[in-house]
Amino acid sequence: MDSAASEKSIIALDEWLQTPAGVYVRAWEQACLDELTADIFGFNAIQVGLPQINALAANRMPNKWQAATRTSSMAQLQQVADGKQIAVALDFAELPFASQSLDLVVLPHVLEFAAEPHQVLREVERVLIPEGQVIICGFNPASLWGARQGVSRITRKHYLPVAGEFISMPRMKDWLKLLNLRVGGSHFGCYSPPCRTAKWLNRFAFMENAGQRWWPYLGAVYMVHAVKRVKGMTMVGPAWNRKSASSSQAVPATNRK
């Protein structure tokens with residue numbers, strides 16, 4: 001997928017998010033992100049892509065950025081920039097931040113629609129500080145929605161944006177492991193069948209609790225929460241917690257003969 005195709009696919013995702021299924025996904029992801037980001041502390045955080053979701057709404061860091069593609073309009077960028085976030089347009093594969101400068105990066109449905117997903121992840125690893133955190137949202141191919149999307153390649157009646165290259169959870173974990181990003185937790189949601197109307201999605205709302213209990217890994221959407229680990233680095237407590245060395249006692253010298 002080249003850059004032009006990537007930008008077109010992201011635009012297609014924007015349109016899909018306005019559908020009843022898209023509203024359903026956004027509601028679940030917003031609730032999950034609010035819970036995950038509320039207790040992540042630091043100074044600098046950025047949400048890359050998908051301005052329809054305010055991924056950093058519950059986070060309390062002083063510096064927060066909302067980034068979208070360079071083809072996005074300023075009105076689209078300002079959807080969640082409520083004065084507490086800075087809206088910027090940039091290339092996801094070349095983040096304009098210094099190495100080891102960000103405490104948190106959120107990637108909602110960015111990798112599956114990016115021209116170079118591996119490069120985007122490498123950039124995220126570069127800009128994260130040691131023990132910095134990343135949260136990734138994606139569509140789960142091992143779900144009813146993923147099966148529906150597979151059938152649509154034959155019927156030509158697509159349910160999800162056709163340009164997306166959906167990444168399975170095991171594959172995503174492998175990518176993160178190669179970059180020393182240790183997965184701390186994963187979450188699945190949106191267990192309703194792939195219905196097109198809000199009426200039918202609401203009728204299957206009971207499947208949300210049933211899915212969490214009986215088939216937890218088959219949700220239509222997942223989130224991965226990972227932490228950057230640096231080899232050879234050991235976290236230690238503050239210096240003032242260390243006990244000062246006791247002063248050495250004088251030892252009397254023996255008399256010389």
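Mentor: Lys 64 is found in strand S2, where helices (H or I, at least four residues) and strands (E, at least two) are DSSP runs numbered from the N terminus. This is a predicted model, in which local features need pLDDT of at least 70 and side-chain atom pairs count only at pLDDT 80 or more, while totals for chains, interfaces and linings use all residues. Residues are numbered from 1 along each chain as its sequence is written, and side-chain values use heavy atoms, with hydrogens and water left out.

Lys 64 is buried, with a relative accessible area of 6%; buried means under 20%, exposed over 50% and partly exposed in between (1.4 Å probe, protein chains only). What does the side chain of Lys 64 reach? The side chain of Lys 64 reaches the backbone oxygen of Leu 56 at 3.0 Å, and the backbone oxygen of Asn 59 is also reached by Lys 64, again at 3.0 Å. Each is a polar contact, a pair of N or O atoms within 3.5 Å of which one must be able to donate a hydrogen and the other to accept it.

The structure holds 4 salt bridges, each a side-chain nitrogen of Lys or Arg within 4 Å of a carboxyl oxygen of Asp or Glu. Among them is the one between Glu 123 and Arg 126, whose side chains meet at 3.0 Å, N to O. These two residues are separated by about one helical turn, because they lie 3 residues apart in helix H4 (residues 117-127). Glu 123 counts as buried at 10% relative accessibility, whereas Arg 126, at 24%, counts as partly exposed.

A further salt bridge joins the side chains of Arg 229 and Glu 131 at 2.2 Å, N to O. Distant parts of the chain are linked by this pair too, since Arg 229 is in the segment after strand S7 (221-228) and Glu 131 in strand S5 (residues 128-139), 98 residues apart. Arg 229 counts as partly exposed at 29% relative accessibility, and Glu 131 likewise at 27%.

The setting for these details is a protein of 8 helices and 7 strands. Among contacts (heavy atoms within 4.5 Å) between residues at least 6 apart in sequence, 70% join residues at least 24 apart.
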